[in-house]
Each structure stands twice: as C-alpha cells, then as structure tokens.
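Open the model in your viewer and keep the sequence panel beside it. We will go from stop to stop, selecting a few residues each time and looking at what is there.

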Amino acid sequence: MSQVGARGKFELDWEYLPESCLFIVLEKIHIPISQVQFGAVSRHWHSVFNTFLDYRRQINPIPLLLIPSKKSTTKRKLYSLQAKSKVSEIEFPKPYTWRCCGSCYGWLATVDDSLIITLSNPFLKVSSINLPRFDLLRIEYTPCQNQISKVFLSDDPLFHPDNYVVIIIYCVVNRLAIHKSGQKNWIYIDKDQDHFTDVIFHKSLVYAAGNLSHLVSFDLNGETSRPPKLKVLVRPNFSTNRSYLVKSSMENLYSIHRYRNLDYDLEDDEIDTPDTTDMFKVFKLVLDDESGELVEKRKVNHIDGDIVFLGDNQSLSVSALDFPEGQPNSIYFTDDIFELGYSLFGPQDIGIFHLKDKSFEKYYQFKSSHKDLPPYIWILPHGRLKSTLSN
C-alpha cells in the first residue's frame with residue numbers, strides 16, 4: 001500500500017509490496033539463508049516466500065534413482081528420495097544394455113555392441129538420438145559397456161537440437177572425445193591426455209577433472225573440426241581415487257574428490273570385501289572471470305549449502321530450499337567404479353556423505369538380487385512427471 005507522508009511526499013509501504021515485485025527480489029537472492037531471512041520480515045513476506053518455494057520446487061525437480069528390474073529388460077523403477085519409496089516405472093523403447101553410461105537433462109545414454117551411443121528420454125515421447133559410430137581402432141579388447149565410461153551434454157537436445165555438444169570419456173585409460181550436433185564424426189582429444197573422470201560446461205569453457213586430481217580446461221567456440229587445445233590448470237598427482245566437478249546453485253565451481261578403501265586377503269591376495277567409499281573432500285575452484293584461469297583451489301567444508309548427486313550421471317547440485325528432506329552440504333552417491341566392484345559384489349557402494357560431521361548413511365538399501373543387473377543411476381525427471389508424482 002502507498003500513502004502520502006506528513007510533508008506531502010509519496011511514501012511506499014514496503015511490507016505490502018506486490019507479490020510480483022517480491023518474487024523478483026527473491027530471484028535475485030542466491031544465498032538460501034538470506035532467502036529464509038527475507039521470509040521472516042513480516043507475515044506477508046513469509047506468505048510470499050512460501051509461494052516462491054512452491055514455485056521453485058515445481059520447476060527444479062529432485063533427481064530420481066533409476067533401479068533395474070528382474071522382471072523386465074525394458075522397464076526400470078524410479079525411487080523418490082522425497083517419498084522414500086518407488087513411485088513409478090519407465091519403459092525403454094528397446095531392451096536396455098547392461099549399464100547407462102550417462103544421464104543429463106532427463107536423457108539416458110547407452111552404448112551397443114557396435115559402439116553406437118544412443119540418447120533416450122524415457123519421460124517424453126520423443127525420438128531417440130543415435131550418435132555417430134565410434135572409431136573401433138581407439139578401443140581395447142573389453143566389453144563395449146565398459147568402453148564408454150561417461151557421457152555429458154552441454155544443453156538439452158530437446159530445446160537445442162542444432163546446437164548442443166556431447167563429450168564422452170572412453171576406453172580403459174579414460175580419454176576424451178567430442179561430438180557437435182550436425183557433425184558426422186567424433187573429435188578425439190590428444191591421446192597423451194587421459195585418466196579423466198568428470199566434465200562440466202561452465203561459463204563458455206569446458207573443464208575436465210581426472211582421477212589423479214588433475215584439471216584441464218578448453219574452449220569449444222572456435223574451430224569445429226580439430227581437437228581443442230587443452231590448458232592444464234592442476235597437474236596430476238596421486239592424492240585421490242576419483243574427481244568430480246559440480247556447479248552449485250550459486251554458480252560456484254567445486255571439485256569433489258572421492259576416496260575408496262579396498263581391502264585384500266593378504267594370504268591368498270584375493271579381494272574379499274567390496275570397494276567402498278570412506279571419504280569425500282571438497283575444494284572450491286576460484287576462477288578468473290575473464291580468462292577462466294584457476295586462481296585458487298581451496299579446501300572447504302561446504303557446497304554453498306547444496307545437496308550434490310554423483311555417479312554415472314552428469315554431476316549436479318540441488319539447493320536445500322528445493323529439497324527440504326535432504327541435509328545441506330551432503331553428497332548422495334552411487335557406485336560408478338565398474339572395473340572390479342560390479343563383477344564381484346554388485347554396485348553396492350551407495351550412500352550419503354555429510355560434510356558437516358564426515359558421517360555416512362544409506363538412502364536406499366542395495367539388494368543382493370541386483371548384483372547381476374545394471375547399476376543404479378540418478379536421472380532428473382521432466383517437470384510434468386514431477387507434478388504427477390507429487391499429487
């Protein structure tokens with residue numbers, strides 16, 4: 001409401017600003033605690049804040065866990081962290097391969113015996129996308145399902161059908177290859193650069209992290225037929241088992257290192273326990289705004305209050321405001337080391353890691369009957385499906 005003051009000047013009653021104006025203010029506030037403080041100003045602002053949260057949770061879905069089924073080779077179950085139960089089933093257009101080698105924007109990536117990678121969106125009635133055949137001379141004599149480690153998308157092909165980039169990590173030494181929509185071939189990165197475990201598109205550059213803690217960046221905006229030149233930001237060392245890259249809801253970039261403990265029977269030198277995660281460490285990557293160069297890599301005990309989801313999916317984070325059932329600064333992870341663990345014990349290295357007290361807990365109990373089935377993977381549901389599940 002507005003009113004005229006004692007001196008005749010127009011005064012604005014800030015407590016009763018229109019809801020649309022307050023929404024604009026809330027969207028400009030990227031720090032969750034500041035948004036909560038906004039809601040504590042008055043009853044009206046608190047009501048607007050709650051409406052704002054309802055809106056956010058409709059457009060910012062929480063990842064679902066995709067679980068294989070023993071009953072069908074074309075269906076998988078969806079497990080909701082919010083409902084703490086299996087909420088639905090999705091069906092693939094054809095029998096799925098042993099594992100999904102990527103999950104981005106609701107699309108799942110699989111690879112067949114001829115090394116053709118297929119992108120499918122099980123939530124929408126859209127055609128699958130077959131990527132160009134991979135160069136058979138670049139692979140080793142291992143199963144095709146292990147040749148493509150991970151697939152990443154720069155954008156959703158549904159909304160950017162002519163302008164998206166696919167990056168894959170392939171072969172046992174984890175090299176990089178690139179495909180731009182509209183092109184017929186893959187671009188293969190220098191073979192001397194390998195051991196990569198994660199990729200992220202961030203502020204017009206691509207960053208790739210390796211399981212030896214190294215970090216590189218490159219630009220895909222120039223020449224499209226030749227491999228881009230990689231810039232080494234952090235040189236390899238032997239301080240971690242696996243690295244991930246994730247962008248927080250505040251647009252900060254983090255490197256997350258995952259450490260696993262592998263026990264051996266010293267008498268017969270056989271592995272008698274599964275390969276399990278026993279620690280995560282988080283590093284904030286401070287970058288130069290113009291060049292993208294790494295200014296500082298600083299160990300921290302937070303991820304801007306977000307909840308992070310790691311595994312065979314494209315690493316992602318969710319604001320604690322959108323996922324009140326979760327705990328801020330926690331990491332939900334699935335088993336993504338298939339060289340040893342899957343064949344012996346099944347993908348059971350799954351759980352939640354809390355940065356605050358370095359503790360672990362389970363969100364879904366691995367079933368021994370799933371040992372010989374495809375591993376679990378996180379997938380973002382389409383907004384329309386999320387609305388259905390929440391009703």
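Two strands count as paired if DSSP finds at least two bridges between them. Helices (H or I, at least four residues) and strands (E, at least two) are DSSP runs, numbered from the N terminus. What you see is a predicted model, in which local features need pLDDT of at least 70, side-chain atom pairs count only at pLDDT 80 or more, and totals for chains, interfaces and linings use all residues. Residues are numbered from 1 along each chain as its sequence is written, and side-chain values use heavy atoms, with hydrogens and water left out.

**The whole protein**

Start with everything shown as a cartoon. The protein has six helices and 29 strands. Of its 391 residues, 51% are buried; buried means under 20% relative accessible area, exposed over 50%, and partly exposed in between (1.4 Å probe, protein chains only).

**Stop 1: a sheet of four strands**

Select strands E14 to E17. They form an open sheet in the order E14-E15-E16-E17, with antiparallel pairing. Which strands stand at the edges? They are E14 (196-202) and E17 (231-234); each has a single partner strand, so one side of each is left without a neighbour in the sheet. On average, neighbouring strands here are turned by 25° against each other, direction ignored. For such angles, axes are lines fitted to C-alpha atoms (for helices over the stretch in contact), and the angles run from 0 to 180 degrees between N-to-C directions.

Now zoom in on the middle of the sheet. E15 (residues 205-210) and E16 (residues 215-218) run antiparallel and are joined by four bridges. Pick Ala209 and look across to E16, where its bridge partner is Leu215.

**Stop 2: Ala208**

Stay in strand E15 and select Ala208. Is Ala208 buried or exposed? It is buried, with a relative accessible area of 0%. Show what surrounds Ala208: not counting residues up to four places away in sequence, it touches Leu176, Phe196, Asp198, Val199, His214, Leu215, Val216 and Leu245. Touching, or contact, means heavy atoms within 4.5 Å. Try the distance tool on Ala208 and Asp198: they are 10 residues apart along the chain, and their C-alpha atoms are separated by 5.7 Å.

**Stop 3: Asp198 and Lys150**

A salt bridge is a side-chain nitrogen of Lys or Arg within 4 Å of a carboxyl oxygen of Asp or Glu. Asp198 lies in strand E14 and Lys150 in strand E10, so the pair ties together parts that are 48 residues apart in sequence. Both Asp198 and Lys150 are buried.

**Stop 4**

E10 runs antiparallel to E11, and five bridges join them; Ile148 stands opposite Tyr170 in E11.

Next, colour the nonpolar side chains. A nonpolar core is a set of buried Ala, Val, Leu, Ile, Met, Phe, Trp, Tyr and Cys residues joined through side-chain atoms within 4.5 Å. The largest one has 22 residues, of which Ile117, Val151, Ile168 and Trp186 touch the most other members. Strands E7 (107-111), E8 (117-120), E10 (148-153) and E11 (165-170) each supply at least two residues of this core. A second, separate core has 19 residues, including Leu81, Phe309, Phe323 and Tyr364.

**Stop 5**

Select Arg242 and Asp336, whose closest N and O atoms are 3.4 Å apart. Arg242 lies in strand E18 (residues 242-247) and Asp336 in the loop between strand E26 (330-333) and helix H5 (341-344), so this pair ties together parts that are 94 residues apart in sequence. Arg242 counts as buried at 6% relative accessibility, and Asp336 is buried at 2%.

Finish with Glu296 and Arg298, whose side chains meet in a salt bridge (2.9 Å, N to O). Glu296 is partly exposed at 34% relative accessibility, and Arg298 is partly exposed at 33%.
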